[in-house]
Amino acid sequence: MFIVIVNPVSGNGKGVKIVSPLEKELKRKQVPYEIRWTQYPGHASKLAEEASRRPEVKAVVAVGGDGTVHEVANGLAGTDIPLGYVPAGSGNDFARAHGIPRHPLKALERILKGEPFTVDTAACGERVLVNTAGIGFDGEVAKWVNQSRWKKWLGKFAYVLGVIRVLRRFTPRKVWLTVDGQEHVMDGVWLIAIANIPYYGGGMKICPEASNQDGILDICLVHNISRPLLLALFPRVFQGTHVRHPAAKMMKGKEIRIQSDHPMVIHVDGEIVGETPCKVTLRPQSLRVL
Ligand SMILES: Nc1ncnc2c1ncn2[C@@H]1O[C@H](COP(=O)(O)OP(=O)(O)OP(=O)(O)O)[C@@H](O)[C@H]1O
């Protein structure tokens with residue numbers, strides 16, 4: 001039995017549109033399935049957790065964007081039930097990182113092949129991080145994008161608009177960053193990204209070396225840079241060449257603690273989860289993916 005969890009608001013309604021061809025294909029292939037529609041933010045986690053307790057369930061398939069993957073993975077991490085993904089969002093960074101086809105039927109074909117592999121996740125408070133967490137400037141951008149009506153019209157380009165908007169008013173902070181027990185005290189910190197995959201915000205390659213199969217988290221901290229220089233540096237994140245700039249400090253670690261002189265907004269996989277202080281801990285090989 002496949003449980004298909006669909007977020008009807010993802011991708012400006014794309015999630016809804018692709019359900020009918022998916023159902024047609026599942027019926028044609030005589031694959032037993034159930035469709036579950038999410039009714040509110042957070043519902044997908046609950047549905048996935050319930051599904052994971054049913055012995056007849058072989059996999060849970062998320063249909064939506066990275067927010068839906070995040071929620072379904074939160075319900076499945078630590079269990080043996082694999083996560084399948086049919087992309088229907090605007091960013092689709094999880095799909096990009098795993099080479100999951102954009103075409104729904106091709107993505108389904110891959111799921112039905114049934115070749116699961118295991119990936120790392122990380123714990124951030126109560127949440128399981130699958131893709132990337134962003135603290136500070138990134139958190140503010142994610143907050144702006146999630147609340148903005150522009151996402152509906154601009155898709156992933158809403159993140160670019162968000163960067164420009166937030167840049168004008170963001171104040172860099174003093175940060176105490178502890179990576180595997182080693183403390184770094186940094187002034188003028190704009191952002192700290194903690195990555196399990198290279199991308200966030202719809203293809204921005206914030207930590208080009210990040211991999212969810214290497215047993216370590218990648219960190220990109222940007223500090224001591226003026227507003228105009230940060231704006232000039234920004235386009236380089238799409239190629240991942242920002243890492244060569246002296247304002248970008250790249251690190252790796254398994255346990256990361258962050259404190260700041262002022263609360264900084266945190267997003268986990270694009271969802272706002274709170275403010276600093278926070279702790280992110282690697283959970284190696286904790287999620288099965290199809
Ligand atoms: N029925 C619902 N009504 C309102 N919001 C929902 C519902 N179901 C899920 N959500 C919320 O919708 C939000 C957006 O979902 P998701 O990230 O999957 O799509 P997206 O924003 O289009 O894609 P992406 O994150 O890849 O850009 C998530 O925060 C999720 O919690």
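Visitor: What share of the protein chain's 290 residues count as buried?

Guide: That comes to 49% of the 290 residues. Buried here means 20 or more other C-beta atoms within 10 Å of a residue's own, exposed means 12 or fewer, and partly exposed is in between, with C-beta atoms placed from the backbone. Keep in mind that this is a predicted model: local features need pLDDT of at least 70, side-chain atom pairs count only at pLDDT 80 or more, and totals for chains, interfaces and linings use all residues. Residues are numbered from 1 along each chain as its sequence is written.

Visitor: OK, and the overall build? How many helices and strands?

Guide: The protein chain has 10 helices and 17 strands. Those are DSSP runs numbered from the N terminus, helices being H or I with at least four residues and strands E with at least two. The C-alpha atoms fill a box of roughly 60 × 40 × 30 Å along the principal axes. The radius of gyration is 19 Å, which agrees with the value near 19 Å for a compact globule of 290 residues. That radius is taken over C-alpha atoms, and the globule rule is 2.2 Å times the number of residues to the power 0.38.

Visitor: Which domains is the chain divided into?

Guide: Domain 1 covers 2–115 and domain 2 covers 127–285, with bounds from an automatic or database domain assignment. Their centres, over C-alpha atoms, are 26 Å apart. The contact between them takes 14 residues from domain 1 and 20 residues from domain 2. For contact, read C-beta atoms, placed from the backbone, within 7 Å.

Visitor: Which elements give two or more residues to the domain 1 side?

Guide: Helix H4 (66–76) and helix H5 (93–98) do. H4 gives the most, with 6 residues. By class, that side of domain 1 has 5 nonpolar, 6 polar and 3 charged residues. Ala, Val, Leu, Ile, Met, Phe, Trp, Tyr, Cys and Pro count as nonpolar, Asp, Glu, Lys and Arg as charged, and the others, Gly among them, as polar.

Visitor: What does H4 give to the shell around the ligand?

Guide: H4 supplies the largest share of that shell, 4 residues. There are 23 residues around the ligand, and Pro 41, Gly 65, Gly 67, Gly 89 and Gly 91 come nearest. Near means a C-beta atom, placed from the backbone, within 6 Å. The shell splits into 4 nonpolar, 16 polar and 3 charged residues.

Visitor: Switching topic: which residues touch the most other members in the largest nonpolar core?

Guide: Ile 5, Val 60, Val 61, Val 72, Leu 83 and Ile 192, out of 86 residues in that core. A nonpolar core is a set of buried Ala, Val, Leu, Ile, Met, Phe, Trp, Tyr and Cys residues joined through C-beta atoms within 7 Å. Strand E9 (residues 182–195) gives the most to this core, with 7 residues. Both domain 1 and domain 2 give residues to the core, so it lies between them.

Visitor: And Leu 83, what is it in contact with?

Guide: Leaving aside neighbours within four places in sequence, Leu 83 is in contact with a set of residues including Val 60, Val 72, Leu 76, Leu 287 and Leu 290.

Visitor: Which phi value does Asn 224 have?

Guide: Asn 224 has a positive phi of about 45° although it is not a glycine. Asn 224 lies in the loop between strand E12 (217–223) and helix H10 (227–233), and counts as partly exposed, with 14 C-beta neighbours inside 10 Å. Gln 285 also isn't a glycine and has a positive phi, of about 50°. The place of Gln 285 is in strand E17.

Key: Contact = placed C-beta atoms within 7 Å.
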